[in-house]
Amino acid sequence: MTTSLADVAASGATLRAFLHGLPGVDRVGADQRAATLGTRSIKTSAKATAIDLAISMVDLTTLEGADTAGKVRAMCTKAVRPGGGAPKVAAVCVYPDLVAVAVEALRGSGVRVASVATAFPSGRTSLEVKVTDTALAVAAGADEIDMVIDRGAFLSGDYLKVYEEIVAVKAACGQAHLKVILETGELSTYDNVRRASWLAMLAGADFIKTSTGKVSPAATLPVTLVMLEAVRDFRDATGRQVGVKPAGGIRTTKDAIKHLVLVNETAGDDWLTPEWFRLGASSLLNDLLMQRQKLTTGRYAGPDYFTLD
Amino acid sequence: MSRLSVRKTYKLYIGGAFPRSESGRSYPVTSAKGDFLANASLASRKDARDAVVAARKAFPGWSGATAYNRGQILYRVAEMLEGRRAQFAEEHGGGKRTALESVDAAVDRLVWYAGWSDKITSVHGAANAVAGPYFNLSAPEPTGVVAVVAPADPLLGLVSVVAPVIVTGNTCVVVASEPSPLAAITLAEVLATSDLPGGVVNLLTGKQAELAPWLAAHMDVNGLDLTGVTDADLALRCEQEAAENLKRVLRPVQEDWTADPGIGRMTRFLETKTVWHPKGV
């Protein structure tokens with residue numbers, strides 16, 4: 001397999017043949033496996049560790065039309081010091097025009113700045129605009145770029161177009177990490193999720209990400225499972241490790257811990273660090289902090305005592 | 001051929017749904033004479049937590065509803081209760097006549113509180129005279145989520161503690177009487193079919209000692225009614241826990257539920273908002 005991987009993208013036909021040659025996903029099996037792993041009981045000290053790990057994996061995100069520089073600064077402050085002695089989050093994720101604000105607010109903190117680009121969330125624009133969008137975000141100081149794939153092209157079978165777009169955006173990223181958003185809610189089957197994962201990884205993605213958060217369903221456990229299997233198999237085949245970022249719809253500590261269990265059981269604990277696994281979320285952080293406080297104080301926490309975001 | 005009767009499963013009432021306890025536990029309920037009546041769910045602290053979440057979710061809608069609307073819904077609860085008079089009398093226990101009297105009193109109590117919904121503001125609020133060119137108005141507002149430990153009186157006592165809490169716009173989590181929880185769950189069926197939005201009243205059955213301290217300590221609960229707590233140590237512990245976020249607390253009391261209730265139970269869980277409005281003179 002390793003020998004053929006290099007020239008898989010030689011033409012549309014070879015790429016198509018490779019992606020359709022991937023083994024199909026057993027949908028019932030994947031659902032069942034994810035559901036079973038979701039029932040794992042994580043308590044007391046293991047839970048405390050899991051919560052802190054989850055906090056350190058959060059990509060604290062604000063992607064609203066109503067975002068302001070002030071809101072981004074407030075979020076950055078929270079990202080560095082979530083409160084109660086909790087560790088800092090992995091990154092903040094903003095629109096490209098607010099990258100400069102986030103970079104300024106996070107200088108020296110060790111929290112990375114991620115920016116969505118390529119006409120997020122629909123991706124419906126020309127390649128020139130996508131590449132420029134990416135280059136501007138990188139120039140403004142973004143450490144990580146979250147791009148969206150062209151789902152229209154993917155679903156109509158034009159895999160080479162999707163591939164070449166990712167390659168072009170990756171080139172525009174320079175040193176910045178590239179996360180490729182598959183928008184699994186629009187891909188309709190797990191087979192497509194597996195193909196899109198491989199496609200993105202072959203094209204040079206550093207991370208594969210489930211969703212924009214603008215489409216429902218967003219990150220579900222079985223979809224993350226399929227993607228984790230893909231990065232595991234990809235590393236076995238090529239030796240290159242790719243990260244996974246489920247995003248959208250992860251709101252509770254329970255959801256976050258289920259994802260961590262999934263990572264550990266599917267890809268292995270090599271992925272169980274903020275460098276290789278991220279949780280894209282906004283309201284999740286408050287729930288993690290509330291659960292963290294419950295463990296330290298022994299009383300259920302209330303949202304009145306946490307910053308709103 | 002004789003027919004096998006279908007027996008009711010007594011579950012919890014959380015967020016407008018009837019779930020079993022998260023813990024999967026139940027406990028046998030017996031009559032005063034010791035005869036087995038039914039199994040009731042034995043709620044855990046996680047059920048209490050879920051109930052608080054449901055109550056918090058329901059609060060904006062319920063407190064934002066007009067007082068008139070809340071009164072109508074409470075009156076509707078009374079109507080539905082009236083329709084189930086016989087069933088409640090049967091589940092009530094004790095003599096048939098006292099049971100019926102108790103059910104009637106509960107219906108009347110609901111109607112009485114329903115009438116208060118749009119009057120409590122006038123009685124408990126005020127237009128204050130102040131030394132300046134301002135209209136100065138004080139209006140009562142609901143405090144938020146109230147945890148209620150219901151007294152032993154299975155229906156009249158329960159209605160008498162729940163109605164005053166919700167009529168002003170609070171939502172509540174109620175721990176039903178441990179020895180006689182069946183009427184509480186049947187009351188939940190009444191509430192569920194009375195246009196009362198889900199989550200306004202959440203009913204848990206189980207042990208006071210297991211649930212009350214968690215509710216008392218919960219930072220997202222704003223008020224605590226300890227009426228039904230019989231153990232003085234437990235009450236003291238709950239009051240101490242409640243101090244952490246300054247909950248409004250109603251201490252345990254022995255009340256005669258047939259007496260005129262007064263407005264104290266309503267005002268205990270109200271806050272006062274005062275507005276200064278310039279007069280423009």
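In chain B, 76% of the contacts between residues at least 6 apart in sequence join residues at least 24 apart, where contact means heavy atoms within 4.5 Å. This is a predicted model, in which local features need pLDDT of at least 70, side-chain atom pairs count only at pLDDT 80 or more, and totals for chains, interfaces and linings use all residues. Residues are numbered from 1 along each chain as its sequence is written.

Q: What makes chain B as compact as a globular protein of that length?
A: The globule rule, 2.2 Å times the number of residues to the power 0.38, is set against a radius of gyration taken over C-alpha atoms; for 281 residues the rule gives 19 Å and the radius of gyration of chain B is 19 Å, so chain B is as compact as a globular protein of that length.

Q: Which residues of H5(A) meet H6(A)?
A: Ala69(A), Val72(A), Arg73(A), Cys76(A) and Val80(A) in H5(A) meet Val101(A), Ala102(A), Ala105(A) and Leu106(A) in H6(A). By class, this contact has eight nonpolar, no polar and one charged residues, with Ala, Val, Leu, Ile, Met, Phe, Trp, Tyr, Cys and Pro counted as nonpolar, Asp, Glu, Lys and Arg as charged, and the others, Gly among them, as polar.

Q: How much of chain B is made up of buried residues?
A: Buried means under 20% relative accessible area, exposed over 50%, and partly exposed in between, with a 1.4 Å probe and protein chains only; by that criterion, buried residues make up 49% of the 281 residues in chain B, whose C-alpha trace spans about 85 × 40 × 30 Å along its principal axes.

Conventions
Chains lettered and ligands numbered in written order. Heavy atoms only, no water. Helix = DSSP H or I, 4+ residues; strand = E, 2+ residues; numbered from the N terminus.
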